[in-house]
Amino acid sequence: MEAKLTLIEANILKILYLNAQSVVSRDEIMNSTKGSIHNPLDRSIDIHINKIRKKIEDDPANPRYISTIRGIGYRLNMS
C-alpha cells in the first residue's frame with residue numbers, strides 16, 4: 001500500500017515506527033517534530049494522527065495500526 005504523507009505526518013510515523021509496540025507520548029512526538037514543549041490544549045498531534053489513520057487504516061474509526069493510549073499517547077502496532 002502506498003500513501004502520500006506530508007513531512008510532519010511522515011516524521012510522526014517514523015517516530016512511532018522507531019518506537020513500535022511502545023507508547024509514545026504527545027510530548028515526545030511534539031518535541032521530535034516541532035521542537036517545542038507540548039501544550040495540553042494543542043491538539044495538532046491528534047489531528048495529524050487522524051490524518052495518518054485516514055491514509056493508512058482500512059477503517060480509521062477502528063484503527064489497527066495506530067492505537068490511542070488515552071491520556072498518554074500513541075502506539076504503532078506492528079503485528
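1. Leaving aside neighbours within four places in sequence, Ile 12 is in contact with Ile 29, Thr 33, Ile 45, His 48, Ile 49 and Ile 52. The model is a predicted one. Ile 12 sits in helix H1 and is buried, its relative accessible area being 0%. Pro 63 lies 51 residues from Ile 12 in sequence, and the two C-alpha atoms are 16 Å apart in space.

2. Which residues of helix H2 are buried? In H2, which spans residues 26-34, they include Arg 26, Ile 29, Met 30 and Thr 33. Viewed down the axis of H2, the buried residues fall within an arc of 100°, so they line one face of the helix.

3. Just after H2, Gly 35 has a positive phi of about 65°.

4. At what angle do H2 and H3 pack? The angle is about 85°, and the axes are 10 Å apart. That makes H2 roughly perpendicular to H3, since angles of 65 to 115 degrees are counted that way. On the H2 side, the residues that meet H3 are Arg 26, Ile 29, Met 30, Thr 33 and Lys 34; on the H3 side they are Ser 44, Ile 45 and Asp 46. The residues of this contact divide into 3 nonpolar, 2 polar and 3 charged.

5. The 3 strands form an open sheet in the order S1-S3-S2, with antiparallel pairing. S1 and S2 stand at the edges with a single partner strand each, so one side of each has no neighbour in the sheet. Neighbouring strands are turned by 30° against each other on average, direction ignored.

6. Strands of a sheet pair through backbone hydrogen bonds, in a parallel or an antiparallel sense. Here S1 and S3 pair in the antiparallel sense over 3 bridges. As one of the bridge pairs, Val 23 is partnered by Arg 75 in S3.

7. How do the helices lie on the sheet? H2 lies across S1, S2 and S3, and runs at about 65° to S1. H3 lies across S2 and S3, and runs at about 150° to S2.

Methods:
Residues numbered from 1 in each chain as written. Predicted model: local features only at pLDDT ≥ 70, side-chain atom pairs only at ≥ 80, totals over all residues. Heavy atoms only, no water. Buried < 20%, exposed > 50% of the residue type's maximum accessible area, 1.4 Å probe, protein only. Helix = DSSP H or I, 4+ residues; strand = E, 2+ residues; numbered from the N terminus. Arc of directions from axis to C-beta. Pairing = 2+ DSSP bridges. Axes fitted to C-alpha atoms, helices over the stretch in contact; angles between N-to-C directions. Contact = heavy atoms within 4.5 Å. Parallel < 35°, antiparallel > 145°, perpendicular 65-115°, else oblique. Nonpolar A, V, L, I, M, F, W, Y, C, P; charged D, E, K, R; others polar.
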